[in-house]
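Hello,

Here is the structure I promised to pass on. Please open it first, then read my notes below.

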Amino acid sequence: GEAVRAPFVDKYDKVRAERSEVTKPLYDKLKALEEGINPITARELLAKELEVASPGNVAALKRYSTHLGEEGATLRPIQIENTIQELGDKVNAYARTGENNAARRYREIKDAYEADLATSPVGLNHREEYRKLSQPINEIETSSLLNNFVKKNKDINKAEGFVVSSEKIPS
C-alpha cells in the first residue's frame, strides 16, 4: 500500500509547495499595500440586505456592515482579502449543510467584496493564481477516496500517520 501512496503523496506535496511558491509573493504584495479601498459595492449590498434581513441574520450582516465603517471609510486590500476568505468559508459551510439561501446570500456579499478588491492596484491576480493552482489539490481534497490517501490523522488518541493505513490500500 505504501508503494501506491508514496508517489501520490509526493506529487500532492509538490503541487501544494508550487502553489505556495507562486502565490506567497502575490499575497505579500497585497499585504504591503497601505492605500485604502472604499468598498462601495460591498457597503451598498450589505445596506440592501440589512433592509430585508430576518432577525436571525441581522447580527451577522451588521458585523460585516460595521467592519466596512462609515460611508467613505476605506479598508486596506488585505483586510478585504481576509474578509473574502472568511465569507468563502461561510458559503462552503452553508452549502454543505443544505442552507442554500444563506449560501447564496453570503456568495453575493463575497462577490461584492471581490468587486471592490478588483479596484486595487494588484487587483485579483493573487486570487486567480491561487484558484488556478488549487484545481489539482481540490480534486484530491474533495474526493473521499483520494483525500484519505493524503489526509493525516489528527486524532491524538490514535496512531500517528495517515487516516487510511498502508495495509488498507490495495497494491
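Which residues form one aromatic cluster? They are Tyr64, Tyr94 and Tyr106. Keep in mind that this is a predicted model.

**The aromatic rings**

The structure holds three aromatic pairs. Take Tyr64 and Tyr106 to begin with. Their ring centres are 6.3 Å apart and their planes stand at 65°, so this pair is edge-to-face. Tyr64 sits in helix H3 (residues 55-68) and Tyr106 in helix H5, so the pair ties together parts 42 residues apart in sequence. Both Tyr64 and Tyr106 are buried.

Tyr106 also pairs with Tyr94. Here the rings are stacked, at 5.5 Å centre to centre with 15° between the planes. Tyr94 belongs to helix H4 (residues 77-96), so its pair with Tyr106 of H5 links parts that are twelve residues apart in sequence. How exposed is Tyr94? Its relative accessibility is 22%, so Tyr94 counts as partly exposed. Tyr106, at 2%, counts as buried.

Arg63 lies over the face of Tyr64, 5.2 Å from the ring centre. Lys90 lies over the face of Tyr106, at 5.4 Å from the ring centre.

**Helix H5 and helix H2**

H5 (residues 100-117) also meets H2 (residues 40-52). Their axes come within 7 Å and cross at roughly 155°. That makes H2 roughly antiparallel to H5. On the H2 side, the contact includes Ile40, Leu45 and Glu49. The contact residues divide into eight nonpolar, one polar and four charged.

Best wishes

Notes. Residues numbered from 1 in each chain as written. Predicted model: local features only at pLDDT ≥ 70, side-chain atom pairs only at ≥ 80, totals over all residues. Heavy atoms only, no water. Axes fitted to C-alpha atoms, helices over the stretch in contact; angles between N-to-C directions. Helix = DSSP H or I, 4+ residues; strand = E, 2+ residues; numbered from the N terminus. Parallel < 35°, antiparallel > 145°, perpendicular 65-115°, else oblique. Contact = heavy atoms within 4.5 Å. Nonpolar A, V, L, I, M, F, W, Y, C, P; charged D, E, K, R; others polar. Phe/Tyr/Trp six-rings, centres within 6.5 Å; stacked < 30°, edge-to-face > 60°. Buried < 20%, exposed > 50% of the residue type's maximum accessible area, 1.4 Å probe, protein only. Lys NZ or Arg CZ within 6 Å of the ring centre and 35° of its normal.
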